[in-house]
Amino acid sequence: MSLWKRISSHADCEQRMAAHYDEKGLFDLRICLAPWIEDRIMSEQITPNSTDQLERVALKFHEDLQQKLLSTRTASDQALKYRVVELCALIQRTSAVELYTHLRTGLQKELQLATEKSVASTAGQSMPLNSYNMNAAAMATGGYMDTNEILGVTNSCNPVQNMSVMPCTVQNPGIASPALGMAAPKVELYDVQHQIMQTLNEFGACGNALKLLVQNYSYMLNSTASPNAEAAFKCLIEEKAAIVITVRRSFMYYESLYEMVFHELKNWRRQQALAGNGAPFNEGALDDIQRCFEMLETFIAHLLAAIKEIMRVRLVSDEPELTHLHEQIQLSQKNLVCSAFIVDKQPPQVMKTNTRFAASVRWLIGSTLGIHNNPPTVECIIMSENQAHRFVTRGAQLDNSLAGQSSGEIQNCSSTMEYQQSNHVFSASFRNMQLKKIKRAEKKGTESVMDEKFALFFYATTTVNDSHQVRVWTLSLPVVVIVHGNQEPQSWATITWDNAFAEIVRDPFMITDRVSWAQLSVALNTKFASSTQRSLTIDNLDFIYEKLQREERSEYITWNQFCKEPMPDRSFTFWEWFFAIMKLTKDHMLNMWKAGCIMGFINKAKAQDDLLRSPSGIGTFLLRFSDSELGGVTIAYVNDTGMVTMLAPWTARDFQVLNLADRIRDLDVLRWLYPSDRNALCVERDTAFGEFFSKRQEPSPGYKKTTLHVQVCNSNGDNGSISGTPRHVSTHDGMQMGNIEESDSDDYSLSGELERFVQVANPNDPAVRAISDTLMMCSPILTSS
């Protein structure tokens with residue numbers, strides 16, 4: 001069954017391909033000459049890899065196609081004759097390269113569709129998804145590089161790099177980057193495994209034919225002259241040509257399967273990067289990917305053995321096409337081996353010097369090549385962004401000079417690979433690394449050390465089949481190196497942006513400086529939800545969106561808006577504000593946030609409007625994150641006069657003295673919690689927060705209990721309804737903590753002196769009692785029970 005018959009058996013596939021061919025008016029041609037087009041293009045002896053080569057191949061195809069159409073004109077079907085004449089006129093008007101490229105691309109798409117539908121059941125109908133899929137350096141030069149340079153497989157005197165980390169700069173047609181929120185078509189790995197196994201089984205028939213060919217060739221060499229010698233020789237040539245076509249087609253099918261598996265590995269690595277921002281991550285999927293790599297290694301090994309056996313049957317003196325096919329298969333095997341070397345456990349992406357950390361690398365070939373019997377040692381250095389960029393894009397060599405390319409000093413930076421028989425994992429674990437020193441690049445403009453990206457570079461050298469040396473390497477995700485904790489927030493801005501929006505295949509570490517709000521909102525929600533265990537609501541995100549806007553409103557958010565430029569009328573950036581809220585919530589309000597007790601992201605005006613509209617009236621309150629103070633949370637409530645009062649923000653320093661729930665319990669003016677869910681009703685305060693209240697301990701015998709108590713300073717005598725915005729003042733243990741008006745702050749030193757006087761004076765003295773009563777109204781005092 002031809003490939004087109006398989007495509008046409010699925011209406012959706014046929015419709016998609018009809019649209020493709022109709023772009024150039026070639027749909028009827030594809031149907032009319034389906035088997036011929038497939039055989040002609042798929043059995044080409046040389047894959048075009050340069051402009052000149054492509055033109056030669058296309059012109060030859062164009063001529064052969066015209067001859068084929070002319071021979072078809074002798075058909076008895078009159079309608080077909082007229083259609084052939086029309087097709088001849090069409091191809092005369094179409095350039096050879098355009099015609100050939102469009103048909104070849106169509107076959108690539110057909111094979112992809114057939115594979116996805118699990119209908120590509122034989123190795124005879126196959127096409128590589130991408131003829132130029134080897135590495136970025138090859139693409140940059142417009143063709144193939146030297147075989148060894150592309151794959152990092154060398155002899156001892158010619159070490160070059162492994163391009164497994166940046167294997168290709170060309171994305172598959174129609175497949176958008178996951179960083180842009182568009183998923184590629186889903187490929188089930190068990191289907192791929194089934195297809196590989198099925199193809200291997202069918203390739204056994206080729207093996208039998210090859211064995212017979214070798215036997216006949218040996219017989220011909222050892223036989224005496226015979227009148228049938230010429231016929232036997234021609235028969236051998238035909239048998240050999242048929243086997244070569246079968247191997248070539250099987251190799252093309254291997255390449256398409258490799259593309260699918262490698263695409264799944266890239267998806268896995270993409271999910272690994274997103275997991276750095278807190279997204280869910282199925283690490284176990286790597287086991288299924290490894291199984292595919294192992295099966296592909298078996299597949300390509302069979303192809304390589306077959307082509308070597310074919311080359312032993314020397315019927316002519318020179319066979320450059322066969323030599324080229326052998327080189328391609330050998331190169332693909334090395335590419336498979338090198339691309340299977342990955343970082344499976346990433347190091348911390350914000351890395352502090354002189355702090356221990358761990359990482360691990362894994363080789364997805366398992367035991368297929370026998371490397372596990374003599375496991376290599378993996379070394380690790382740290383590279384700057386510029387060093388990594390030069391290494392990848394300029395084809396720097398993987399040799400003993402790597403130590404000079406390190407940007408720092410790492411302790412415990414080598415580990416021998418180990419093979420676990422139970423799960424076939426072949427890996428090297430670095431459990432106790434420590435970055436002792438770091439060399440930084442010179443900063444330009446507004447650049448800071450928190451913007452500077454590094455990466456851990458892992459590399460190893462080993463020998464395969466006792467015949468050739470393999471040098472492999474891989475890079476970790478970007479890391480930012482800090483020396484002090486106060487550098488952490490901005491460092492996480494760099495890492496969060498990179499994890500969310502970077503391409504896995506890129507020049508290190510190129511990243512866009514502008515993304516849509518739709519993209520950024522997903523990243524922020526992922527980050528916040530992973531840290532606080534509750535996702536942001538649509539209202540939360542709308543509020544955050546407004547925080548990011550400037551005078552010229554836009555659906556796109558720049559890197560500078562995200563973490564460089566201060567927000568309007570503020571001295572801090574959006575990221576500093578967002579990160580401080582996230583940290584405060586995680587450290588001090590986690591359970592209350594998860595329970596929905598904290599509204600959080602709402603501005604003053606909307607908070608006031610919502611509270612005044614609430615049917616619960618006086619005593620209704622909500623908690624919101626402060627706009628003006630980093631890492632602050634404030635309470636807005638309806639006071640006894642029916643107006644809204646805003647308490648001064650509390651921060652982490654305050655909660656280290658007394659937690660948020662106990663502060664709310666102390667304030668009797670707070671009665672009804674306004675719901676964070678717009679469809680819910682107000683909840684009685686103690687019902688909402690009761691589970692978070694601290695249990696108050698009774699003092700030991702012989703001691704009198706003291707308590708810390710929060711109160712709102714009463715400046716107008718109406719129990720909690722005050723003018724202006726109060727600010728919080730905390731005192732030493734055993735003291736009440738009140739919210740006093742900002743205008744009273746200058747007099748606070750005097751009240752402190754009066755407090756100390758009351759503590760040491762005779763409490764029965766009328767003057768002392770008068771001072772004490774005054775302090776009860778204006779400042780904290782010591783209370784006992």
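**Entry 1. The model**

I am working from a predicted model. I kept that in mind for every look-up below.

**Entry 2. Helices α17 and α19**

I began with helix α17, residues 538–548, and helix α19, residues 574–588. Their axes are 10 Å apart and the packing angle is about 150°. Angles over 145 degrees count as roughly antiparallel, so that is how α17 lies against α19. The crossing of α17 past α19 is right-handed.

Next I asked which residues of the two helices meet. On the α17 side I found F543, I544, K547 and L548. On the α19 side I found F574, W577 and F578. I then sorted the residues of this contact: six are nonpolar, one is charged and none is polar.

**Entry 3. Helices α15 and α16**

I turned to helix α15 (residues 488–501) and helix α16 (residues 517–532). Here the axes are 10 Å apart and the angle is about 120°. That angle makes α15 and α16 oblique to each other. I noted a right-handed crossing of α15 past α16.

I listed the contact residues. α15 brings W492, T496, W497, A500 and F501. α16 brings Q519, L520, A523 and K527. Of the residues in this contact, six are nonpolar, two are polar and one is charged.

**Entry 4. Salt bridges**

How many salt bridges does the whole structure hold? My search returned 25. I followed up several of them.

I looked at D451 and K564 first. Their side chains form a salt bridge, with N to O at 2.5 Å. This pair links distant parts of the chain, 113 residues apart. D451 is in the loop between β9 (425–438) and β10 (454–464). K564 is in the loop between α18 (559–563) and α19. I also checked exposure. Buried means under 20% relative accessible area, so D451 at 18% is buried. K564, at 26%, is partly exposed.

R550 and E565 came next. Their closest N and O atoms are 3.6 Å apart, and the pair forms a salt bridge. R550 sits in the loop between α17 and β14 (556–558), while E565 sits in the loop between α18 and α19. The pair therefore ties together parts that are 15 residues apart in sequence. I recorded E565 as partly exposed, at 33% relative accessibility.

Then I stayed within helix α19. K583 and D587 both lie there, four residues apart, or about one turn of the helix. They form a salt bridge, and their closest N and O atoms are 3.1 Å apart. Are K583 and D587 buried or partly exposed? K583 is partly exposed at 48% relative accessibility. D587 is partly exposed too, at 42%.

**Entry 5. Helix α4**

E38 turned up again when I checked the burial of helix α4, residues 34–42. How many of the nine residues of α4 are buried? I counted seven, and the helix is mostly covered. The buried residues are A34, W36, I37, E38, R40, I41 and M42.

**Entry 6. Recap**

Terms used
Residues numbered from 1 in each chain as written. Predicted model: local features only at pLDDT ≥ 70, side-chain atom pairs only at ≥ 80, totals over all residues. Heavy atoms only, no water. Axes fitted to C-alpha atoms, helices over the stretch in contact; angles between N-to-C directions. Parallel < 35°, antiparallel > 145°, perpendicular 65-115°, else oblique. Left-handed = near helix turned anticlockwise from the far one by under 90°. Contact = heavy atoms within 4.5 Å. Nonpolar A, V, L, I, M, F, W, Y, C, P; charged D, E, K, R; others polar. Salt bridge = Lys/Arg side-chain N within 4 Å of Asp/Glu carboxyl O. Buried < 20%, exposed > 50% of the residue type's maximum accessible area, 1.4 Å probe, protein only.
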